[in-house]
Amino acid sequence: MHLFEEDKRKYLKADIISTVEFNPTGELLATGDKGGRVVVFQREQESKNQPHRRGEYNVYSTFQSHEPEFDYLKSLEIEEKINKIRWLPQQNAAYFLLSTNDKTVKLWKISERDKRPEGYNLKEEDGRIRDPATITALRVPVLRPMDLMVEATPRRVFSNAHTYHINSISVNSDYETYMSTDDLRINLWNLEITNRSFNIVDIKPANMEELTEVITAAEFHPNHCNTFVYSSSKGSIRLCDMRASALCDNHSKFFEEPEDPSNRSFFSEIISSISDVKFSHSGRYLMTRDYLTVKVWDLNMESKPLETYQVHDYLRSKLCSLYENDCIFDKFECVWNGADSVIMTGSYNNFFRMFDRNTKRDVTLEASRENSKPRAILKPRKVCVGGKRRKDEISVDSLDFSKKILHTAWHPFENIIAVAATNNLYIFQDKVN
Amino acid sequence: MTGSAAQQDRTSMFPKGTKRKCSSDGGGGGGDAVAEEATAAGVKTTASYSLQRQCLLDMSLIKLQLCHMLVEPNLCRSVLIANTVRQIQEEMTRDGSWQIMTEAFNASQGLSDRLVASEILCRPSPAREQGEEDPKPFPAIGGCQLEEEVVVVAAEEETLCTVAAEADSAYVSGGVDPHWEAGDRPEGGSEDGDADDEDEDCCLGEGEVEQRSAEGTKTVDQVYGTFEIKSPAPSPDPALEELFSDVDASYYDLDTMLTGMQGTPKVGPYDLLENLSSHGPSSIAPSSTCRTDLNELDHIMEIIVGS
């Protein structure tokens, strides 16, 4: 058991949040953690008595999605850590989500129950079958109301298809299939079928010694069910069309920015490795996050990104230290707002950044208990780069690199964001009048 | 604010690197001054640059070794580190310092020195240290083990510390540095130099092996030793490591390191590790067949598990 001390508060390693995701309506928000648990939050209904509570999210359901496992054939421990959660569009009263750890994807059904049947004829209330000889009369069970109960049940388990670690799952816009991506392969699944998947990308070289590139993330196009993209550790993005061939080893588009020779160093490749790729809601743009920047690409322009935003350029002179302490391998994610006009991504010291694509303004905000009391307004933060440090600025050298914001989520159409800071989840929203 | 940062980097890095005059951003009248300065500081600069590069190489090798201790390491991280090692090695082979490094092993102190240096490299530069009250701005999260080790050595080797402390950490930390440009190659015709490099390296490697077996210093073994251990599971036990230290399985090992138990054939760009094998290139053939078998076995296992 690993204990971490942060601000004199101790927390378990298992409590570290490893993914955050809103459902397609924004009514629910799910988090996964390193302990294999999924916590689902539900938005409070608007109430006249407490108008200030509008939009608050409360715990709706908590369940253990994955357990630690041991692969006896490979003598290998499989962590229970939830790598990704993806919601399926709601089609009936129940909610469905996919959660994955390094090896296994599971489909969970989350449903409510407020009635239970009573008065069975052939079995006792506790389920034991009654002796037929004692049954003398016919009884029909009746449904009686009971306290609301939220149940999470595993409906499908998709296993044994990945040799490497799964880094992404993405539900297709046909809502019938989804893909799971590991370091070297992408598999396509039907949501109903667990014993068969189709390999659609395989970059594993015949000779593993020749391996110089891995897949870091992948996602389906939001409305073209035949199109998906995947990003690589060499900083490129490949767009594939599943209509072209069953195995999409040949991409249809290849997005890559030529390297700036003036910025070249031994760390160039590491910092250009893409940690996340996301289609815009419109499907026109792609956003990628590498170590120092976030880039917006037009699907119609492969040669260079449309926009490049510096997330924490002041770290460029610290790359050696960040390499030594392994922070340089941190996988920051990025998200779009509902209108695709603002993008958000995380940084260190519990800071996260927002970039307005229209006004080109950017802001650094902090997710911390001290600075964000309930209903308090977030103050922009500033990192001081060289020269004199102003009163409200923080120096680069005093940034805390153990407090990193890797996972964030944006409500599908409102200005509500969820920010995971180690073991804490912060939900911020536009000021309510 | 980005502008000022870049400016600062550039000024702090001017006295470095004899090749700085080639810099594309140098432009205008600044070029001559830089060239003069560079000539003056020439010898010292080259030394500190290669020292820093060496530190980076050592750090990367240690990281790879730590990866290797895990049964299933983070593949992305391992690949990125291995690419960095390869990049450094290519550059060192090009400017001949690869040979110097192997000679340094002869002096039997090379490694511990360089561990010290890597610690210095990642400390804030003296100027920054004065200005800030916090001397350790980068808590070693992932690499605490590494740092502990390093600090111990540092205490023993104080003389070297003072010399190396003059090195500016900004130099290797990803700033502007034409020294590392691909276009900066001294001799042409190295475009398809992979095969040549390999050959050359093999020779060096053999030499190094001789040195190693001659001196048998423990420090060297501690860092490179595990590359030669063929073990299906992590074996942190030093006694075990010694037991296997003569077994040549370096290809297989790197492989394991990169894939986590996935057996796969042949040597590739990782000649560096190849050099450290005790038997030289002759061992390629047997180990690759062995790996093919393992691959098949793996496949069969997958089928069994699948069904």
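**Exercise 1.** Are A:D397 and A:K318 buried or exposed? Then describe how the two residues meet.

*Solution.* This is a predicted model.
- Step 1: both A:D397 and A:K318 are buried.
- Step 2: their side chains form a salt bridge, 2.7 Å from N to O.
- Step 3: the partners are 79 residues apart. A:D397 sits in the loop between strand 30 and strand 31 of chain A. A:K318 sits in the loop between strand 24 and helix 2 of chain A.

**Exercise 2.** Work out which parts of chain B the salt bridge between B:D95 and B:R53 ties together.

*Solution.* 
- Step 1: the closest N and O atoms of B:D95 and B:R53 are 2.9 Å apart.
- Step 2: B:D95 lies in helix 3 and B:R53 in helix 2 of chain B, so the bridge ties together parts 42 residues apart in sequence.
- Step 3: B:R53 is buried at 2% relative accessibility, whereas B:D95 is partly exposed at 40%.

**Exercise 3.** Give the strand order of the open four-stranded sheet in chain A.

*Solution.* 
- Step 1: the order is 13-14-15-16, with antiparallel pairing.
- Step 2: strands 13 and 16 are the edges, each pairing on one side only.
- Step 3: strands 14 and 15 pair over five bridges.

Conventions
Residues numbered from 1 in each chain as written. Chains lettered and ligands numbered in written order. Predicted model: local features only at pLDDT ≥ 70, side-chain atom pairs only at ≥ 80, totals over all residues. Heavy atoms only, no water. Pairing = 2+ DSSP bridges. Helix = DSSP H or I, 4+ residues; strand = E, 2+ residues; numbered from the N terminus. Salt bridge = Lys/Arg side-chain N within 4 Å of Asp/Glu carboxyl O. Buried < 20%, exposed > 50% of the residue type's maximum accessible area, 1.4 Å probe, protein only.
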